[in-house]
Amino acid sequence: MATVERKKKKIVKTIKIDVDKCNGCRACEVVCSAFHATPKNSSNNPARSRVRVVRDPLANIYVPVYAGEYTAAECAGRDRYTIDGKTYEECAFCRASCPSRDFFKEPDSGLPLKCDMCESDPELAEPMCVQWCLADALTYEAREEEEVEEGTPEEIEIGLESLANKHGWQKVVDTVARMSKKE
């Protein structure tokens, strides 16, 4: 198996979260689900959102979390965090889509969702959740980093095979086809 090594610059896009500013309005969830609907803005289903707000309204605790990478394995650590006297499981703040919970999964197919920073044509200056956050709890940051990319085509095949084994080839093909449609 040949390893290919290349150096290239990449843009790292992140959303910084200021939990002290979040008021729990969930506008980020609404606009994200509408932006990712097919056709765009045709429906609003927060279960399709790539951002979720962990909420405890009685304690005035709101923590936005956006979807990260898919992981096929469940977490080994089950730490608990106490914020203002309320105890939360580590899963509440995890960005991964994993087998142990339903967050960040496509409701119809069960396939994992990942925040794509609202990539579209034409490109947006900021993701929709950042644009619609009136409390300024979400801020967008893009920075350039140099990376050494090592990988093999076989790794991509292993990842696709893993998804197909779990969800079936037809679900993977249908989801990729739906996601690749340009409006």
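Visitor: Which residues in helix 3 meet Trp169, Lys171 and Val172 in helix 4?
Guide: This is a predicted model. Helix 3 spans residues 153-167, and helix 4 spans residues 169-180. By class, their contact has five nonpolar, one polar and two charged residues. Helix 3 brings Leu160, Glu161, Leu163, Ala164 and His167.

Visitor: At roughly what angle do the axes of helix 3 and helix 4 cross?
Guide: The two axes come within 7 Å. They cross at roughly 115 degrees.

Visitor: What pattern does the chain follow, read along the sequence?
Guide: The secondary structure comes to four helices and six strands. Read in order, the pattern is β-α-β-β-β-β-α-β-α-α.

Visitor: Among contacts between residues at least 6 apart in sequence, what percentage join residues at least 24 apart?
Guide: The chain has 183 residues, of which 32% count as buried. Of the contacts in question, the share joining residues at least 24 apart is 64%.

Visitor: Why is helix 1 described as largely enclosed by the rest of the structure?
Guide: The buried residues of helix 1 are Cys28, Glu29, Val31, Cys32, Ser33, Ala34 and Phe35. Helix 1 is largely enclosed because the buried residues number seven of its nine.

Visitor: Is glutamate 29 buried or exposed?
Guide: Glutamate 29 is found in helix 1. Leaving out residues up to four places away in sequence, glutamate 29 touches Pro46, Ser49, Val51, Arg52 and Val53. The cut-off for buried is under 20% relative accessible area. At 3%, glutamate 29 is therefore buried.

Visitor: Which members of the largest nonpolar core touch the most other members?
Guide: In general, nonpolar side chains of soluble globular proteins tend to be buried together. Here the largest nonpolar core has 15 residues. Helix 1 (27-35), strand 2 (51-56), strand 3 (61-66) and helix 2 (128-132) each give two or more residues to this core. The members touching the most others are Ile15, Cys28, Val51, Tyr66, Cys129 and Leu138.

Visitor: Which residues is leucine 138 in contact with, leaving aside its neighbours within four places in sequence?
Guide: Leucine 138 is one of the core members that touch the most others. Its contacts include Ile15, Cys28 and Cys129, also named in that group.

Visitor: Which helix gives the most to the lining of the largest pocket?
Guide: The largest pocket has a volume of about 1800 Å³. Strand 1 (4-17), helix 3 and helix 4 each give two or more residues to its lining. With five residues, the top contributor is helix 4.

Visitor: Which residues lining the largest pocket lie nearest its centre?
Guide: The lining has 42 residues. By class, 17 are nonpolar, nine polar and 16 charged. Nearest the centre lie His36, Arg50, Lys114, Asp116 and Met179.

Visitor: Which residues lining the largest cavity lie nearest its centre?
Guide: The count comes to one cavity of 30 Å³ or more. The largest cavity has a volume of about 70 Å³. Its 13 lining residues divide into 10 nonpolar, one polar and two charged. Nearest its centre lie Cys32, Arg50, Cys115, Cys118 and Cys129.

Definitions and conventions. Residues numbered from 1 in each chain as written. Predicted model: local features only at pLDDT ≥ 70, side-chain atom pairs only at ≥ 80, totals over all residues. Heavy atoms only, no water. Axes fitted to C-alpha atoms, helices over the stretch in contact; angles between N-to-C directions. Contact = heavy atoms within 4.5 Å. Nonpolar A, V, L, I, M, F, W, Y, C, P; charged D, E, K, R; others polar. Core = buried A, V, L, I, M, F, W, Y, C linked by side-chain atoms within 4.5 Å. Buried < 20%, exposed > 50% of the residue type's maximum accessible area, 1.4 Å probe, protein only. 1 Å grid on protein atoms, 1.4 Å probe; cavity = no way out; pocket = protein on both sides within 12 Å on 5 of 7 lines; lining within 4 Å. Points joined across faces, edges and corners; volume = space filled by probe spheres on them.
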